[in-house]
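Subject: Structure for your review

Dear colleague,

Please find below the structure that I am handing over to you.

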Number of protein chains: 2
Amino acid sequence: MYRTHTCGQLRISDVGKTVVLAGWVQKARKMGGMTFIDLRDRYGITQLVASDSASHELNEAALGLGREYVIKAAGTVAERSSKNPKMPTGDIEIILSSIEILNKSEVPPFTIEDVSDGGEELRARYRYLDLRRNPLKNALMLRHRIAHEVRNYLDEQGFLEIETPYLIKSTPEGARDFVVPSRMNPGQFYALPQSPQTFKQLLMVAGYDRYFQIVRCFRDEDLRADRQPEFTQIDCEMSFVEQEDVLVTFEGMMKRLFKAIHNIDIKEVPRMSWADAMDNYGSDKPDIRFGMTIKDVTAMMQGKGFPVFDSAQYVGGIAVPGCASYTRKQLDELTEWVKRPQVGAKGLVYIKLNEDGSVKSSVDKFYTPECLKEVADTMGAAKGDLVLLLCGPRRKTQTMLGVLRIEMGQRLGLRNPFDFAPLWVCDFPLLEWDDETNRFYAMHHPFTAPKPAHLDKFYSNEKADLEQVCADAYDFVLNGTELGGGSIRIHDSKVQARMFEILGFSKEDAEYKFGFIMNAFKFGAPPHGGLAFGFDRVCALFGGQETIRDYIAFPKNNQGRDVMIDAPSYIDDVQMDELMIRSTAPRQDNA
Amino acid sequence: MYRTHTCGQLRISDVGKTVVLAGWVQKARKMGGMTFIDLRDRYGITQLVASDSASHELNEAALGLGREYVIKAAGTVAERSSKNPKMPTGDIEIILSSIEILNKSEVPPFTIEDVSDGGEELRARYRYLDLRRNPLKNALMLRHRIAHEVRNYLDEQGFLEIETPYLIKSTPEGARDFVVPSRMNPGQFYALPQSPQTFKQLLMVAGYDRYFQIVRCFRDEDLRADRQPEFTQIDCEMSFVEQEDVLVTFEGMMKRLFKAIHNIDIKEVPRMSWADAMDNYGSDKPDIRFGMTIKDVTAMMQGKGFPVFDSAQYVGGIAVPGCASYTRKQLDELTEWVKRPQVGAKGLVYIKLNEDGSVKSSVDKFYTPECLKEVADTMGAAKGDLVLLLCGPRRKTQTMLGVLRIEMGQRLGLRNPFDFAPLWVCDFPLLEWDDETNRFYAMHHPFTAPKPAHLDKFYSNEKADLEQVCADAYDFVLNGTELGGGSIRIHDSKVQARMFEILGFSKEDAEYKFGFIMNAFKFGAPPHGGLAFGFDRVCALFGGQETIRDYIAFPKNNQGRDVMIDAPSYIDDVQMDELMIRSTAPRQDNA
């Protein structure tokens, strides 16, 4: 028997008990004739004491303990003379009767503390040690708890968790697939799923009207910061539903999570159309924790002789509270900031609404103070506020203003990660035109249904008509991050065929890639819809973090490598021969 | 709104309510002036009636419905005049006021009934239709329920579900890995995990002392019947435990499942050593629902002049109840049966213990009736029983007798799938010698710890010593099927290094393949152990089936193909170029 209690369990009421604990030595220190050991496990830390009256052997053993040694310690629970109210076990300590070293430890390459002295790369290499630190332990425990809450909620709602296959068929549309050569079918490949989309729709055809799965998905993308080649989705689908049914069901799930995790009662999740989100927030995932909404002042600003604005499709801006005091230097820095390629503006116009009622602007020579005040009024600016204006093509400029708005909200401390402002964004366009490839892409995915009222335009051959088709598609947004999204799906094989036609698939192509699902739709597909949440991101946001890496036990780095196990790696020629493949890459040994 | 109720919901107490149902037309039939429709969804079947007093349009619409059409039907709940006590909704029917066809269906290629007229291949191709049938629906619902029970039990026991990566490193030991070429690391490959073994051990090093995961695993094996290239495990690991702690914890889990699923109270799961299982049942996964145990009669049968037995290492047999009446033809058939390569015996000796007290044997000329009776007594045979004897090398012959025992139990109807007889098999040998490759293999896996009492022999260089080393390894067996297994692991890096040495890994090889885990063990690895259950098989056995295919939503066939989506498949040259691989297989278009 290794332990009678965990290191987080003993309280003042346990005083006098004989106990055995096991765990890791957080630290051992000598004070006077006594040796104090902080013993740590997943559940907490308990103080062990080898008193000066203890045997010589015990004192020697206690003194010999290094950081992260694994020990088994027996003793008696005693009340501490100087209690530590910050620790749940802070009222007691264990007067040791024996210590047994279960395993020694080399000195860890970084400190196992809440804030470690190890760099990111080093900690990644020794992930199993980094995972001993409280922030990561709490992240993984939160993840477990969220998954468990989600499953209980969905089970109560009559959903079935059904596992879909990981070895599926490559359908090169959208992101790149990871592929898996098949030894038994030489020359052929499986693909790892980017999502179980088609399988969950087939489950709807099969009559499983409430499906979910917490499931790994795979995308072979060039990894931007905070993207992982494998990630986890809460994937859901329902039959015989309209958009409203889906929103109500999953709003219920998120409310349950807010209550269970943060004891927050969310009354109702507001809804916003995609067009309003773009117009007012310059983003399809608005952060509504703060105002500072975007206003269109094109009409007001044009025809006054300022050529930059006069030639622009759109002039819009935001009013930043309390920033009229910005210095020249600060405004220059802000101008440079919006001109960075990540934002892409050509310049920035400001209007200061001074405390004394005067206005000061970078375009004073073109506009009267009255005109500038009117603009500021439109923005809802008060005395002391700073109005920032950008111009250019409408959606593009709104997007830049959206980025600027987030930046100013951040600078003003309006984005407390433990304020939670969920939002549904609805009524997305069905299609997006891409000038480069000169074709439409599905904004959500090719299985999203056009709104029934827009079916006429969906069958039109005019680009302008098709651009106006909206979908019953929706995103769940939290604090400026898209946590999930979904849509009502096409359940009519003719509508699906038309969709593939619009997306430029030849009949043969559509048949080869999606024949099985179009075929399935011929045998009584019910109306259905669903959504998927990015589970890693849900966990991170509920944990008050923006990056997902700490919420994944064994993440990959930006090169898609697991530096702990050193994967990917070269494989034997025998393996490749069996798979009937050859590598054309020159072999390089990497660190 | 598509429905107010499901098709399994309405009862006599709902009579008079106006309702809307949606589902699939199971059948529509005309009787007198009325049309009856059986409407089906996941929850059941409800009878709809278009009465002769209904409008002409409604009657026409009802008559036009084909099998598997998806409809929405409104009407009023009425009491049936002829009730159907076999259906939960059999007391009522819906007097229709309207029908709307939501989607038509082509005539399905086979009947959607509990017993279908479709062959296996056809049903696999249209899996989404096969999944509409009750046996498969019940299988997937059972699977959901078992997973949910398992998660609740383990959560209550303080286990954390932690997801481990699917893109890992290839370690060619044991079964073949599926590999995934990395585009970002040209020439290198990820492997899909055969199990999360090393990751769960790293989680123990990281201090997460109770881990579990219901997780997909992958093995590129030549598929025997009822093996899948991807399968699901309930994977578990605990720290600071001895074998007893693991057994008690997971016995608790199985008891919980038996209670929740079948309302069966399992008192205690018996335990049997591997050696006893082999000696008495000729199997490391004994079916203990019936007796007919194997007895060693080598001493009794040798030295009596029968050369076949005299030259054998071992003679053993079983007593088959009530089969003394077997005819010559039946005995010949049984002899042929044991001589099939699947069993591999050279011949079969029988002793009939006739009802009149006489004995009759195929080796009468070598043995006295007294001797044969003594043998029969040793077997525990009664009058009317048939003793069957085999001889040869000890373990091999016991194994053949084990196969024969199962066959006879099957023929005698002693293997009711809804009788449940769980069992722990313990004390497995640590190592297995393979004559072909002239080396030891790990019987369980290379991370299994030798029993502490056997450490001396573990460090011996004598083959005979190493063969005697036992492990703290254990299997959970149900009705002759291994449902799970595990062991106490090595947590000492020196013991692990010795294990790799015994298995014939060079230092470099061990370092390359398992360096990260041996390294991890240097930083305070706790004593730990765990196990994994084959989840597909758990579901099948709880469902009373031996084959797992019905318990997997989208299984693959014996060639590893998903014939519904037609995967694996050929991929674009562009994809291969990006991955810097080439196929050396000639392209063949398969059906």
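The notes below concern the interface between the two chains.

Please bear in mind that this is a predicted model.

Extent of the interface. Chain A contributes 131 residues to the contact, and chain B likewise contributes 131 residues. The size of an interface is often expressed as the accessible area lost when the parts come together. Between chain B and chain A, about 11,500 Å² is buried, and carbon and sulfur atoms account for 57% of it. Of the area that chain B buries against chain A, 7% is supplied by B:Glu163, B:Phe240 and B:Phe523, which is more than any other three residues supply.

Polar and charged interactions. A total of 81 residue pairs are in polar contact between chain B and chain A, counting pairs with both residues at pLDDT 80 or more. The side of chain B that touches chain A draws its largest share, 10 residues, from helix α4 (residues 134-156) of chain B. By class, that side of chain B comprises 70 nonpolar, 29 polar and 32 charged residues. There are also 16 salt bridges across the interface of chain B and chain A. One salt bridge links the side chains of B:Arg183 and A:Asp222, with an N to O distance of 3.1 Å.

Strand pairing between the chains. Strand β23 (residues 581-583) of chain A runs antiparallel to strand β23 (residues 581-583) of chain B, and 3 bridges join these strands. Within this pairing, A:Ile581 lies opposite B:Ser583 in β23(B).

With kind regards

Note on methods. Residues are numbered from 1 along each chain as its sequence is written. Chains are lettered from A and ligands numbered from 1 in the order in which they are written. Side-chain values use heavy atoms; hydrogens and water are left out. Contact means heavy atoms within 4.5 Å. Buried area is the accessible area (1.4 Å probe) that two parts lose on being put together, summed over both. A salt bridge is a side-chain nitrogen of Lys or Arg within 4 Å of a carboxyl oxygen of Asp or Glu. A polar contact is a pair of N or O atoms within 3.5 Å; within protein, one must be able to donate a hydrogen and the other to accept it, and residues adjacent in sequence count only if both atoms are side-chain atoms. Helices (H or I, at least four residues) and strands (E, at least two) are DSSP runs, numbered from the N terminus. Ala, Val, Leu, Ile, Met, Phe, Trp, Tyr, Cys and Pro count as nonpolar, Asp, Glu, Lys and Arg as charged, and the others, Gly among them, as polar. Two strands pair if DSSP finds at least two bridges between them.
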